[in-house]
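Here are some brief notes to read beside the model.

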Amino acid sequence: MRYAIHYTPSPNDPMTFAAASWLGRDVYSGYSVEPPAQTGLGMQELSYFTALPRRYGFHGAIKAPFQLAEGMTEAALLRDLMRFAGTHQPFTLPPLEIAKLGNSYGLVPSWPSETLNFLAASVVQDFDRYRTPLSDADIDRADPHRLSATQLTNLHRWGHPYVMDEFRFQMTLTGAIVPADCARLERALRSVFAALLERPLEFANLALFVEEEPGAPFRVHSLHPMGRVSARKIA
């Protein structure tokens, strides 16, 4: 089993419903969801374009997937995540916007947030003891030759290249898109998400995601509300 610590909106947030429809899967229940109407894309096309983010679920990555280190337990991880979340206050994300992320699309903040960056760095550092160190094969899969010196240092020290000063918050909505399809995909994304981006989105929870077996879709195991010491288990 692998775990990850991410941000995702609460179960009843309109953004959660829109993302579940777009990706075809609810990250809380794990159930399939009917696609949105009038995107200009066929069902098979949409399923193809969203295959990768559908497996990982709608989220903004904070701590990348990891296996528990020897001697660590899920109960201890839950207890510490509950405690950690309770010591950090909720905050409002900068307005999100649809952006091209390399050769994919997703939602990103309109401007950097020092509060978000500090929280992300704190999660990576505080929960690193729960992470099994990367094997040589894990490092090879990260294609270290394409990384900068700082990213390579992060990979070896923290298990992921894009943390600390290299961290950029994003909520991925597509897999790789060829240039010929970009305009259609962007129009479809705007038809689903544009109206929702006009409202503020609160960062009020840290979510523990789980992958129950290799290759299985990730789902939300539990939400840990910020600002108070409690946790809601998602059935």
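1. Begin with helix H5. Its buried residues are Leu116, Leu119, Ala120, Ala121, Ser122, Val123 and Val124. Buried means under 20% relative accessible area, exposed over 50%, and partly exposed in between (1.4 Å probe, protein chains only).

2. A caution on the source: this is a predicted model, where local features need pLDDT of at least 70, side-chain atom pairs count only at pLDDT 80 or more, and totals for chains, interfaces and linings use all residues. Residues are numbered from 1 along each chain as its sequence is written, and side-chain values use heavy atoms, leaving out hydrogens and water.

3. Helices (H or I, at least four residues) and strands (E, at least two) are DSSP runs, numbered from the N terminus.

4. Now the sheet. It is open, with 3 strands in the order E4-E5-E6 and antiparallel pairing. Strands E4 (96–101) and E6 (171–172) are at the edges with a single partner strand each, so one side of each lacks a neighbour in the sheet. Pairing requires at least two DSSP bridges between two strands.

5. Leu206 sits in strand E8 (residues 205–211). Leu206 is buried, at a relative accessible area of 0%. Beyond its neighbours within four places in sequence, its contacts (heavy atoms within 4.5 Å) include Leu119, Val123, Phe84 and Met226.
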